[in-house]
Amino acid sequence: MTAIRRGGERDFEEIAAIQTASPEAAQWKVADYAGFDLWVAVCENRVAGFLAARSLGDGECELLNLAVGLEFRRRGIARHLVGALAEACCGNIFLEVRGSNLIARNLYKSMGFKEIGIRPGYYDLSPEAAIVMKFHSC
Ligand SMILES: CC(C)(COP(=O)(O)OP(=O)(O)OC[C@H]1O[C@@H](n2cnc3c(N)ncnc32)[C@H](O)[C@@H]1OP(=O)(O)O)[C@@H](O)C(=O)NCCC(=O)NCCS
């Protein structure tokens, strides 16, 4: 059973461990999540995954980061987290994802996100382009 709740400082240690084990995710300093909207998925009394987002105003949001712990993957947890964002953010949700991250692109496409553009040179220290995706949540 997975519960989704707002995340906070008490979750930072577990979020850091998930992030470190997920090199495809953006590697934030976890304290920086304090300034953004944070959701965590709790499973077996542990933080199993997290999602960070921010409001862009005018009913638009940006999904900033998402990762699920290795042992909790493929159980629908990311789908729950993105669903929580879609409920909270009524409007357009944007995100950038590495072109090579086919698993994440599959996840977002399966939830109705459309690929709307490419940002070359988006990532520091990598020549890889970002794919821009958009979802209209309501
Ligand atoms: C991407 C990620 C968040 C998915 O988390 P998850 O909880 O395992 O995903 P879910 O179980 O909710 O899967 C939802 C859908 O995503 C796709 N998906 C998930 N894992 C997949 C895999 N290994 N291969 C192919 N498609 C996959 C499928 O479409 C899946 O639906 P299905 O199970 O009905 O086929 C997870 O793999 C992860 O943390 N990856 C590293 C970090 C990352 O890439 N973050 C994205 C940054 S933009």
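This is a predicted model: local features need pLDDT of at least 70, side-chain atom pairs count only at pLDDT 80 or more; totals for chains, interfaces and linings use all residues.
1. The shell comprises 20 residues, of which E24, R73, A78, R79 and L107 come nearest to the ligand. Two or more residues are given by each of β4 (60-68), α2 and α3 (102-110). By class, ten residues of the shell are nonpolar, five are polar and five are charged.

2. The strands form an open sheet of seven, with mixed pairing and the order β1-β2-β3-β4-β5-β7-β6. The edges are taken by β1 (2-6) and β6 (114-119); each has a single partner strand, so one side of each lacks a neighbour in the sheet. From one strand to the next, the twist averages 25°.

3. Which elements of the sheet does α2 touch? The helix packs on the sheet with contacts to β1, β2 (37-43), β3 (46-57), β4, β5 and β7, and its direction makes about 30° with that of β3. Buried residues in α2 are I77, A78, L81, V82, L85 and A86. In an α-helix, residues three or four places apart point the same way, because there are 3.6 residues a turn. The length of α2 (residues 77-88) was also checked: at 1.5 Å a residue, its twelve residues should span 16 Å, and the end C-alpha atoms lie 17 Å apart, which agrees.

4. The helix α3 lies across β5 and β7 and runs at about 160° to β5. These two strands, β5 (residues 92-98) and β7 (residues 130-136), are antiparallel and are joined by seven bridges. One of the paired positions is L95, whose bridge partner in β7 is M133.

5. Is β2 largely enclosed or open? Five of its seven residues are buried, so the rest of the structure largely encloses β2. Five bridges join β2 to β1, the two strands running antiparallel; R6 has W39 in β2 as its bridge partner. Towards β3, the pairing of β2 is likewise antiparallel, over seven bridges, and L38 has A52 in β3 as its bridge partner.

6. Two residues stand between its strands, and E44 takes a positive phi near 50°.

How values were computed. Residues are numbered from 1 along each chain as its sequence is written. Helices (H or I, at least four residues) and strands (E, at least two) are DSSP runs, numbered from the N terminus. The expected span of a helix is 1.5 Å times one less than its number of residues. A residue is buried if 20 or more other C-beta atoms lie within 10 Å of its own, exposed if 12 or fewer, and partly exposed in between; C-beta atoms are placed from the backbone. A residue is near a molecule or strand if its C-beta atom, placed from the backbone, lies within 6 Å of it. Ala, Val, Leu, Ile, Met, Phe, Trp, Tyr, Cys and Pro count as nonpolar, Asp, Glu, Lys and Arg as charged, and the others, Gly among them, as polar. Two strands pair if DSSP finds at least two bridges between them. Axes are lines fitted to C-alpha atoms, for helices over the stretch in contact, and angles run from 0 to 180 degrees between N-to-C directions. Two residues are in contact if their C-beta atoms, placed from the backbone, lie within 7 Å.
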